[in-house]
Amino acid sequence: MADFSLSAISSQVLYLSIVFILLVFPRALQKYNIPAPLTCFALGMIVIFGVADYSNDTTLDFLSALGISSLFLFAGLEVNIQELKKGFWPLLNHLFLRCVGVFVFTWVGMSYFEFSMQVSGLIALALLTPSTGFILESLAGLDLDENERFWVKSKAIAGELLALLLLFVFLKSDSPSDLGTSSAVLLAIAFGLPFLFMFLGRIVIPFAPGSEFSLLIMVGLIAAYLTKQIGVYYLVGAFFTGFAARQLQQRMPTLASDNNLHAVQLFASFFVPFYFFHGGMSVPGGALQWESLWIGLAITTALLPFRIGSVAVQRIYVNKDSTRSSFDVAIALTPTLIFTLVIASILHEKFGITDTLFGGLLVYAAITTILPSFVLKKPLGLDVDNPPVH
C-alpha cells in the first residue's frame with residue numbers, strides 16, 4: 001500500500017510539474033520573440049533525450065489529442081461563410097495558385113526524388129499549408145491592421161479547407177475501395193454533425209443552460225476520434241465539428257456564440273502545449289543530425305521566398321494593396337508548424353521516410369513559424385488573453 005501511494009504521489013508530482021512548466025516557461029520566453037509552441041516542442045525533445053521516455057504515456061497522449069482536436073475545433077468555429085464570400089474572387093485565385101503549387105511540388109518529388117505520389121503529395125502539403133488554428137490563435141498578437149487580419153484569416157481558413165480535402169485524398173489514394181468507403185464515412189460525419197447538434201439542442205440545452213461549450217468539446221472529440229479511426233487523423237473531425245456548429249449560428253445562436261468561441265480558445269490554449277510537448281517526445285534520435293539541419297535550410301531557402309513572394313505578388317496585382325501590406329500578410333501566413341508536424345509524423349510512421357528528412361521538415365517548420373515573430377515585431381504564441389478575431 002505504501003509503495004502504491006508513493007507511486008501515485010510521484011505520478012501526480014510529475015504531471016503537475018509538466019503542467020506548470022508548459023504553461024509558464026514557454027510564455028515567459030515569448031518576450032524574446034520565441035513562439036511558445038516551439039519552446040514546448042523543444043522541452044519535449046529535452047525530456048525524451050535527457051530525462052526519460054514518456055512518449056508512450058497514455059495520459060500525455062490523451063492530453064495531446066485534446067490539444068490538437070480543440071485547436072482545430074476552434075479553427076472550424078472561425079469559418080464564416082459570409083466573410084469568405086466578401087473576398088470570393090481573390091480567395092478563389094489564391095486557392096487556384098495553391099493547387100498549382102501542391103501539384104507542381106508533388107510532381108517534383110515524384111520526378112526528381114523518386115517519392116511515391118502519396119509521399120510526394122503529403123510532403124507538398126506539409127511544406128505549403130499554413131497552420132490555420134495556430135495563426136488564428138496568434139493573430140491578435142501580430143502588428144497588423146484590421147484589413148490585413150481579415151485577409152490573413154480568410155486565406156488561412158480557405159487554404160486549410162483545401163488542405164484537409166487534399167490530405168484525405170492523398171492518404172487514401174492507394175486504394176480506390178478504401179477511398180470510397182472512407183469518403184462515405186466522412187460525408188456521413190459531415191452531414192450528420194448538424195443533425196446531432198440540433199438533436200442535442202432539443203433534448204439537452206433547454207434543460208441544461210450553459211451546456212453548449214461541453215457539447216461542442218465532446219462532439220468534437222467524438223468526431224476527431226472517428227476520423228482518426230478511418231486514417232485521416234484527429235484534426236479533420238474536430239474541424240468539421242467547429243464548421244458545422246458555426247453554420248448553425250442562426251438556428252442555435254448560443255452554440256457558436258462569441259462567449260463559446262472564446263471558451264474554446266481558452267480550452268485550446270491550455271491543452272495545445274501538450275500536443276507540441278508530446279510531438280517533441282516523438283522525434284526519433286536519427287533526426288538530430290547535421291544533415292537534417294542542411295535539408296531544412298535547403299528547403300527553407302528554396303521554398304520560403306516562393307511562398308512569401310507568390311502571396312505578396314497576388315495581393316499587389318490582384319487586390320491592389322501596398323507592397324508593405326502585401327508582404328505583411330504573406331509573412332503572417334508563413335507558419336506551418338502544426339500541419340508540418342502532423343504530416344511529418346504520418347510520413348514517418350506510415351510511409352517510413354528517413355529520420356533526416358523528418359528532421360529537415362521540422363527545421364523548416366520551426367523557421368517558418370518563428371519568422372513572423374521577428375519580422376512583424378510581436379511574438380507568435382498561444383495567448384489566452386486575446387479575444388477571437390472576427
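Predicted model: local features only at pLDDT ≥ 70, side-chain atom pairs only at ≥ 80, totals over all residues.
## The cavity

The structure holds 1 cavity of 30 Å³ or more, and the volume of the largest cavity comes to about 40 Å³. Its lining is made up of Leu66, Ser69, Ser70, Leu73, Ile217, Gly220, Leu221 and Phe267. Two elements, helix H3 (58–77) and helix H10 (212–229), each give two or more residues to this lining, and H3 gives the most, with 4 residues.

## A nonpolar patch on the surface

On the surface, Phe20, Ile21, Val24 and Phe25 form a nonpolar patch, and together these residues have about 370 Å² of accessible area. Phe20, one of the patch residues, has its place in helix H1, which covers residues 2–28. Phe20 counts as exposed because its relative accessible area is 55%, and the cut-off for that term is over 50%.

## Tyr317 in helix H13

Tyr317 lies in helix H13, which is made of residues 290–317. With a relative accessible area of 60%, Tyr317 is exposed. Between Tyr317 and Thr241 there are 36 Å in space, taken from C-alpha to C-alpha, while in sequence the two are 76 residues apart.

Methods
Residues numbered from 1 in each chain as written. Heavy atoms only, no water. Patch = residues over 30% accessible without salt bridge, like charges linked within 9 Å, V, L, I, M, F, W, Y side chains within 5 Å. Areas by Shrake-Rupley, 256 points an atom, 1.4 Å probe, with all protein chains shown as cover. Salt bridge = Lys/Arg side-chain N within 4 Å of Asp/Glu carboxyl O. Buried < 20%, exposed > 50% of the residue type's maximum accessible area, 1.4 Å probe, protein only. 1 Å grid on protein atoms, 1.4 Å probe; cavity = no way out; pocket = protein on both sides within 12 Å on 5 of 7 lines; lining within 4 Å. Points joined across faces, edges and corners; volume = space filled by probe spheres on them.
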